[in-house]
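Here are my notes on this one, in the order I'd go through them with the viewer open.

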Amino acid sequence: MSSGRRIYTTLDGLRGLAALLVVLYHNPLLSGAFWPRHGWLAVDMFFMLSGLVVDRAYAARLASHMSAGRFMLVRFIRLWPIYALGCLAGLGFLLSLHVWRHDVTLMDIAATLPNLLFVPAFRWVDIGYLVPLNPPGWSLVFEPARQSGLCARPALSLDPQTDRDRRAGGHRPRDPGRDRRDSRTGRDAGEALGGLLRVTFAFFCGVLIARTSRADQSRDGALGPLVILAVLATALVLPVGVWGQWLVIVALFPALVAAGAYMEPNGDRTRRVFRVLGRLSYPVYVLQYPVGIVILTLPKLLSGPGVQLAGWATIAIFLLGCALVDRFYDGPLRDWMTRRAIAHRLLPLSRDQKADATTRPL
């Protein structure tokens, strides 16, 4: 497979749209007729996208010179700042519940603090989430499992020529609702195994796509990338049964990811929009609860036709806030953490370092 770091612009757009669909799924009043009734499936899309992009960025280096420890540190730096911000906001939310409603105790809140280091609360009873401080973070506490799997077999390839090169000693470079009954999200402690299975299947499905498809090649198209996004939105809005949902996960999503990795938009404006969607996808997903819950539920206090308009306005405000977080908090903090890691010789100073620290997490 060819080397080089290619920006997957269509996948950026796909990732950003998936994040928006998850937000709309959790706020049906805001989306109205466009409510994605199967928006929770978009999380599986995140895993597949992550598997493809992370494999393309790191597999060759893990097979040659990058240690597992440094790989995990790089991923921690990429994921932690916004994740920690969401957890701290969740901590404030739980403290407010303690003061106003006495729903939780201070001891209960203290027990959730390991969430800040991606440690799930498996025995949490009252709230019922793997990550009570930030419930959408359930998908991130399985990040070590994804990393370990990639580190364990970084050199796996389905390219016979690449396998022969590797055996010969060479490496071909490659690049407010807390509904505990909603087990589909995998957030409840009792759904930990199901969540792990979802992560494992979808992530390594993305890795398989990266190693068997033309993910290192691209073709520009005017309508192709837009059609890919439209198909994703349509699939999550249309009413389908359980078997239809499985078909979306095991057939449609891999096809969309493979097509998105190959097809790139050819218009500058479309590229800019897709890249913005990609940059916002992580903060939108991670900050939707509890930061988003305050903003996105305000229209529910209204009545009449103004509810829908207010709903879309609050979504715009939320997106603007996520953009500010990405620009003035996440980027600077990741740069500082990277510099400190280099200064303490935990990471090497290399030309790949900046790309390492900015690889998309989802």
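1. First, a cut-off to keep in mind: a residue counts as buried when its relative accessible area is under 20%, as exposed over 50%, and as partly exposed in between. Also bear in mind that this is a predicted model.

2. Let's start with an aromatic pair. Tyr25 and Trp35 are stacked, with 6.1 Å centre to centre and 5° between the planes. Tyr25 belongs to helix α1 while Trp35 is in the loop between α2 (28-31) and α3, so the pair ties together parts that are 10 residues apart in sequence. By the cut-off above, Tyr25 is buried because its relative accessible area is 8%. Trp35, with 29%, is partly exposed.

3. Now a pair with another geometry.

4. On rings in general, the count of aromatic pairs comes to 10. Ring pairs also join Phe76, Trp80, Tyr83 and Phe118 into a cluster. Elsewhere, Arg327 has its charged end over the ring of Phe328, 5.1 Å from the ring centre.

5. On to the packing. The largest nonpolar core has 64 residues, and Met45, Leu52 and Leu232 have the most contacts inside it. Helices that give two or more residues to this core include α1 (9-26), α3 (42-64), α4 (68-100) and α13 (306-343). As background, nonpolar side chains in soluble globular proteins tend to be buried together.

6. Which residues is Met45 in contact with, leaving aside its neighbours within four places in sequence? The list is Leu14, Ala18, Leu232, Phe253, Leu256 and Val257.

7. Last, have a look at α3. Is this helix largely enclosed or largely open? Of its 23 residues, 21 are buried, so α3 is largely enclosed by the rest of the structure. There is a kink of about 45° in α3, centred on Tyr58. As for length, at 1.5 Å a residue its 23 residues should span 33 Å, and the end C-alpha atoms are 33 Å apart, which agrees.

Note on methods. Residues numbered from 1 in each chain as written. Predicted model: local features only at pLDDT ≥ 70, side-chain atom pairs only at ≥ 80, totals over all residues. Heavy atoms only, no water. Core = buried A, V, L, I, M, F, W, Y, C linked by side-chain atoms within 4.5 Å. Buried < 20%, exposed > 50% of the residue type's maximum accessible area, 1.4 Å probe, protein only. Helix = DSSP H or I, 4+ residues; strand = E, 2+ residues; numbered from the N terminus. Contact = heavy atoms within 4.5 Å. Phe/Tyr/Trp six-rings, centres within 6.5 Å; stacked < 30°, edge-to-face > 60°. Lys NZ or Arg CZ within 6 Å of the ring centre and 35° of its normal. Expected span 1.5 Å × (residues − 1). Bend = angle between axes of the 7 residues up to and from the residue.
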